[in-house]
Amino acid sequence: MKHWTASAAGFPATCGFLADAQIGSVTASLNVPALQTVQTLPFALTLVMQRLTAPWQIIRLAIKMAASDDEIRVAATPYGVAVTIVLHDLCFLAACLRTDIKRGHFDNVAEQLKNLHDGVRGLRTELDLRNDSSWGKQLTSIRADISNTLQSEIDSVPGRVRRLLRQRADKDIPIGAKVDSNDVDETAALIDFVAVCRTYASELAINEGDAANLFRPATICREVHRGAGTVAARRRRQDPRLPGDAGQAAVRFCEVLFGRDYASLMSRAAENALTGERKPSRAG
């Protein structure tokens, strides 16, 4: 075992797609007595798995050896341990995602969600799993864990957006009041997070709920115009309370949701409303 490596098996340093050619090469090199024990085979499979761009594809070795996608026949082969390895890997990824979200670290969430989504989908599509089997229950548990991890964050976003964009009565606004820029940045990151979640909602059992309204241009557009109209009215009254930041926050959220072009359009529309720009009326 100590002399066997994935390179010695003719396996590339990285493999984006585990096709029949690679499967044949790897299984042939693994088909020696020293590597077929319950102690050594998992380690050899892990070495191969580390070179896969999509690690879940290691299950294809087990499916090939079983000549079937039926989980009972796959589990009956020594290579059935590959499925267990993938399930443990997905469980670890879900735990890392949960930790990052609790700490407010969203930089790697998109990649983590993609890996989880691809792994879950790969298992569900390439293996005939039964819901009441050990593997089936493990996969269901992983999906539920991911969904629960994401759901509380997703559910919090609409409230944060409404709080930042709401137009308060004059008496409730202190002079010089501003929207917290850090709060805007954090909320923009959460909106981006929800956008990523939407991509993988089906496979990961995510319910968008009220957050789906954020992705309707009319929702943010309405807040941009409301904010600009309120600020314009206060300027006409020479009111020192000019919290135009809410409109700017709405434009920022537009950029995250719909792109720079749309955000630029909303920004110009807000400026027009702010300056009271109107089409010149014709004399009767």
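Author: Helix axes are lines fitted to C-alpha atoms over the stretch in contact, and angles run from 0 to 180 degrees between N-to-C directions. The model is predicted, with local features needing pLDDT of at least 70, side-chain atom pairs counting only at pLDDT 80 or more, and totals for chains, interfaces and linings using all residues. Residues are numbered from 1 along each chain as its sequence is written, and side-chain values use heavy atoms, leaving out hydrogens and water.

Reader: Why are helix 5 and helix 7 called roughly parallel?

Author: Helix 5 (residues 81-102) and helix 7 (residues 134-165) pack at about 15 degrees, their axes 10 Å apart. Angles under 35 degrees count as roughly parallel, and the pair is therefore roughly parallel.

Reader: What is the handedness of the crossing of helix 5 and helix 7?

Author: The crossing is left-handed, a term for a near helix turned anticlockwise from the far one by less than a right angle.

Reader: Which residues in helix 5 meet which in helix 7?

Author: Contact means heavy atoms within 4.5 Å. Residues of helix 5 including Leu-87, Cys-91 and Arg-98 meet a set in helix 7 that includes Trp-135, Ile-142 and Glu-153. By class, this contact has 12 nonpolar, 4 polar and 3 charged residues.

Reader: What makes the protein an arrangement of helices?

Author: The protein has 11 helices and 0 strands, where helices (H or I, at least four residues) and strands (E, at least two) are DSSP runs.

Reader: How many of the residues count as buried?

Author: Of the 284 residues, 44% are buried, that is, under 20% relative accessible area with a 1.4 Å probe.

Notes. Buried < 20%, exposed > 50% of the residue type's maximum accessible area, 1.4 Å probe, protein only. Parallel < 35°, antiparallel > 145°, perpendicular 65-115°, else oblique. Nonpolar A, V, L, I, M, F, W, Y, C, P; charged D, E, K, R; others polar.
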